[in-house]
Structure formats: structure tokens, C-alpha cells
Amino acid sequence: MELIHLLTWTDPFLTGSIFGAGLVFLISNIFFSFLSACAYFTLGLVMSGLASKLYVHLMGFLKKPCSDPLSRLERVDVKIPSETIERVVNLVIETLHTSIPALKSLLLAHNFSNSVKFAAILYLITYIGAICSTLTLITGLWVASFILPTIYTQNRARADELLTQARTQNKAVIDWVLSMVQSNSA
């Protein structure tokens, strides 16, 4: 199953299971250490698997018809092809090769306006960090990644219109700030 099918809830049972498990794991990290949360989460998965197999064998012993709820998971191919690993590693290396010089340029203020924008973004991130923890942000992003694609597909025309307006206003604000910075530096 592709990621887009997972995020647009084409199979609600599978998507709900993955969404719920991830959300429970992230929320449990708020209350327990990461190691404890991993151990409890894995223990829960093992106990669920054992309970499922026990149920199937019990129904077989009682001669009642039942299907194995884990049969779908048993058919999943978990091998990662070496080509995929090479592609991911090459993508990471290419990203690093483009990101590191750009970061160097921003830090050394080669382009003043870009460095000012970068500083403003970092300053806003400090406010976000003061309001909530990283784990809270990750949990919010997890929930948003399952909700926003569905909302977008259901309201595509209106969402595209709002995104176009937001881009236009963003460009106007950036142009205004750049004109203010350039007029002050002249």
C-alpha cells in the first residue's frame, strides 16, 4: 500500500490502526521515558500477536469458522531492496551537499536579506519552542499528516484558492520587508 492511500484513509481499518498506534506511542512518550515507552509498546504488540494466534487456534479447536486477523501482516514483504537503500543514501548525500553550502552562506551573511529572513525564522522557532515541546510538535504533525490530506481532497477547489491567496500575501510581505531593509541600508 502506498503512503498516499494510507494518508487519505482509503482503508480505514489499516489507517486507523497505524494512526492510533503512532498516536498512543507519541503520547506515551510524554508520560514515560522513551525506553519504557518502546518496551511497553513492543510488549503490547507481542501480546496482541499472541492473543490473535490463541484466538485462531481456539476457534479451530472448537471447529468454528474464523480467519486469522494477522494473515494480512504475514503477507507484507519487509525486505528493503539494496537499490532503494542506495537511492536514499544518494538523496541524503545530495541534500547535504546542497544544504551545507546554503547554511554556510546564511551564517556568513553572503546575502543580507536571506540571512535576515533566516534569523527571523529562527527567532519565531524560539517562540514555538517556548510554547510547546518537540514531542508535542511531533504529535501534532502526526495527527495533521493523517487529517490534512483528507481535508484537502474533500475541499480541493477552496483549498487551492486559499493557498494562492496565502502565497500572494506572503510574497507581498516579503517584498515589503526587503524594501524596508534595503531602504534602511542605503
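Which helix holds both Glu161 and Arg158, and how many residues apart are they? They both sit in helix α8 (residues 156-185), three residues apart, or about one turn of the helix. The views below start with the whole fold and come back to this pair. The model is predicted, so local features need pLDDT of at least 70 and side-chain atom pairs count only at pLDDT 80 or more, while totals for chains, interfaces and linings use all residues. Residues are numbered from 1 along each chain as its sequence is written, and side-chain values use heavy atoms, with hydrogens and water left out.

**View 1. The whole protein has eight helices and zero strands.** Helices (H or I, at least four residues) and strands (E, at least two) are DSSP runs, numbered from the N terminus. The radius of gyration is 24 Å, well over the 16 Å that the globule rule gives for 186 residues, so the protein is more spread out than a compact globule. That radius is taken over C-alpha atoms, and the rule is 2.2 Å times the number of residues to the power 0.38. Along its principal axes, the C-alpha trace spans about 85 × 40 × 40 Å. Of the 186 residues, 12% count as buried; buried means under 20% relative accessible area, exposed over 50%, and partly exposed in between (1.4 Å probe, protein chains only).

**View 2. Helix α5 runs from residue 82 to 107.** Its 26 residues reach 37 Å from first C-alpha to last, close to the 38 Å expected at 1.5 Å a residue. The expected span is 1.5 Å times one less than the number of residues. Just after α5, look for Ala109, which takes a positive phi of about 55°.

**View 3. Nine names make up a nonpolar surface patch of about 940 Å²: Ile27, Ile30, Phe31, Phe32, Tyr40, Leu43, Val46, Met47 and Leu50.** To join a patch, a residue needs over 30% relative accessible area and no salt bridge; like charges are joined within 9 Å, and nonpolar side chains (Val, Leu, Ile, Met, Phe, Trp, Tyr) within 5 Å. The areas come from the Shrake-Rupley method with a 1.4 Å probe, and for residues only the protein chains shown count as cover. Helices α2 (12-31) and α3 (34-61) each give two or more residues, with the largest share, five residues, coming from α3. Phe32 sits in the loop between α2 and α3 and is partly exposed at 44%.

**View 4. Glu74 and Lys53 form a salt bridge.** Their closest N and O atoms are 2.8 Å apart. A salt bridge is a side-chain nitrogen of Lys or Arg within 4 Å of a carboxyl oxygen of Asp or Glu. Glu74 lies in helix α4 (residues 71-74) and Lys53 in α3, so the pair ties together parts that are 21 residues apart in sequence. Glu74 counts as exposed at 53% relative accessibility, whereas Lys53 is partly exposed at 30%.

View 5. Glu161 is partly exposed at 39%, and Arg158 is partly exposed at 45%. Lys171 and Asp175 also lie in α8, four residues apart, and form a salt bridge with closest N and O atoms 3.5 Å apart.
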